[in-house]
Amino acid sequence: MLDVFLGSYAAQTNANRLRWIIINFLIQGFQGGYIRFNILLFILYDYIKDAALHLEGRHNPAIIKVMGALDIPPARSGGYNYPTEPRHQVVELVRLLKTPSDVLDIGAGFGNNCIPLLEAGHRVTATETNAECVAYLRDLSAQYSGRLTVVEAPIQELPRSPDYDAVICTMVLHFLTNDEAEHAIDTMRHITRKGGYNVITNYLAGQDISPQYTWLVDPNKLPAYYKDWTIVSYEESYPFTLKRVRTARQLVRWILGRKGFKSARLIAKG
């Protein structure tokens, strides 16, 4: 019977699919069809995802916020999913920065870390190489009165002048070689003003992870690059822990044991 049920959905035109979902939600609600009701939840999730990804304004901050609540990446661009929510270390950084500050976001993607910083009144320089991300960030800059500067450049071309109160590099270093990653961390430290912050997250070594990720940091190694700095916070954890569950989909992933890959997460103050 389930194949007939799903076949009925597949037979609908795009214009009729949302109506089909709503009608069947009502039917299953009255009939107590638990299995079908849960299947409908996943169908609705995919419908919203597909609809959002095909909207002209799919990178609009309002759409990104809705998709973030559903744990849906705003795009799979260049072969990678991009997060919609800011890293929790960046949320903590917003709390730590007491006055309007200059922040460098390396590998800014679609602005998941930029937006909370901009909304808090900070000035952000975002570097990115993905053309679709760059186009979105440039559109986004118009909404924040010139406080977002977009630089289309790889991490290997970072400036060497100490112009920033904070430098963010979340889930970028693993694309580099060992020498490139260590040089990038050294540059991040160098371009940060005294009393400023570095925020880094990166996959840990010792996991069965894609070979395209070429620099995996050893356990407890990341703080060693900041021996003469104050370690504000450091942890090695999975992205889907119960403490970090914010959506129903994340809860399902946690219950099923799909914790993702373990990462090192650091905030350091110079």
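The largest nonpolar core of this predicted model comprises 27 residues, and those with the most contacts inside it are Leu93, Leu117, Leu140 and Leu148. A second, separate core has 26 residues, among them Leu158, Ile185, Leu222 and Leu266. The protein has 270 residues, of which 41% count as buried, and it holds 9 helices and 9 strands. Among contacts with a separation of 6 or more, 62% join residues 24 or more positions apart.

**The largest core**

- Leu148, listed with Leu93, Leu117 and Leu140 as having the most contacts inside the core, touches Cys114, Leu118, Val124, Ala126, Leu137, Leu140 and Ser141 when residues up to four places away in sequence are not counted.
- As general background, nonpolar side chains in soluble globular proteins tend to be buried together.

**The second core and Leu158**

- Leu158, one of the residues of the second core, is placed in the loop between β5 and β6.
- Leu158 counts as buried because its relative accessibility is 13%, below the 20% cut-off.
- With neighbours within four places in sequence left aside, the contacts of Leu158 are Leu104, Ile106, Thr187 and Met188.
- Leu158 and Leu104 are separated by 54 residues in sequence, while their C-alpha atoms are 10.0 Å apart in space.

**The sheet**

- An open sheet is formed by 7 strands in the order β5-β4-β3-β6-β7-β9-β8, with mixed pairing.
- The edges are taken by β5 (148-152) and β8 (230-237); each has a single partner strand, so one side of each is left without a neighbour in the sheet.
- On average, neighbouring strands of this sheet are turned by 10° against each other, with direction ignored.
- Strands of a sheet pair through backbone hydrogen bonds, in either a parallel or an antiparallel sense.
- β4 (residues 123-128) pairs with β5 in the parallel sense over 5 bridges, and Thr127 stands opposite Val151 in β5.
- Helix α7 (residues 131-141) lies across β4 and β5 and runs at about 160° to β5.
- β3 (residues 102-106) and β6 are also paired in the parallel sense, over 4 bridges; here Leu104 stands opposite Val167 in β6.
- The pairing of β6 with β7 is parallel and spans 6 bridges; Thr170 has Thr201 in β7 as its bridge partner.
- Of the 7 residues of β6, 6 are buried, so this strand is largely enclosed by the rest of the structure.

**Aromatic pairs and a charge over a ring**

- The structure contains 6 aromatic pairs.
- Tyr203 and Phe261 form an edge-to-face pair, with 6.0 Å from centre to centre and 80° between the planes.
- Because Tyr203 lies in strand β7 (residues 192-203) and Phe261 in the loop between α9 (248-255) and β9 (263-269), this pair ties together parts that are 58 residues apart in sequence.
- Tyr203 counts as buried at 15% relative accessibility, whereas Phe261 is partly exposed, with a relative accessible area of 35%.
- A tilted pair is formed by Trp215 and Tyr225, with 6.5 Å from centre to centre and 55° between the planes.
- Trp215 and Tyr225 both lie in the loop between β7 and β8, so their pair ties together parts that are 10 residues apart in sequence.
- Trp215 counts as buried at 5% relative accessibility, and Tyr225 also counts as buried, at 16%.
- One aromatic cluster is made up of Phe175, Tyr203, Tyr213 and Phe261.
- The charged end of Arg189 is placed over the ring of Tyr226, at 5.6 Å from the ring centre.

Terms used: Residues numbered from 1 in each chain as written. Predicted model: local features only at pLDDT ≥ 70, side-chain atom pairs only at ≥ 80, totals over all residues. Heavy atoms only, no water. Pairing = 2+ DSSP bridges. Helix = DSSP H or I, 4+ residues; strand = E, 2+ residues; numbered from the N terminus. Axes fitted to C-alpha atoms, helices over the stretch in contact; angles between N-to-C directions. Contact = heavy atoms within 4.5 Å. Phe/Tyr/Trp six-rings, centres within 6.5 Å; stacked < 30°, edge-to-face > 60°. Buried < 20%, exposed > 50% of the residue type's maximum accessible area, 1.4 Å probe, protein only. Lys NZ or Arg CZ within 6 Å of the ring centre and 35° of its normal. Core = buried A, V, L, I, M, F, W, Y, C linked by side-chain atoms within 4.5 Å.
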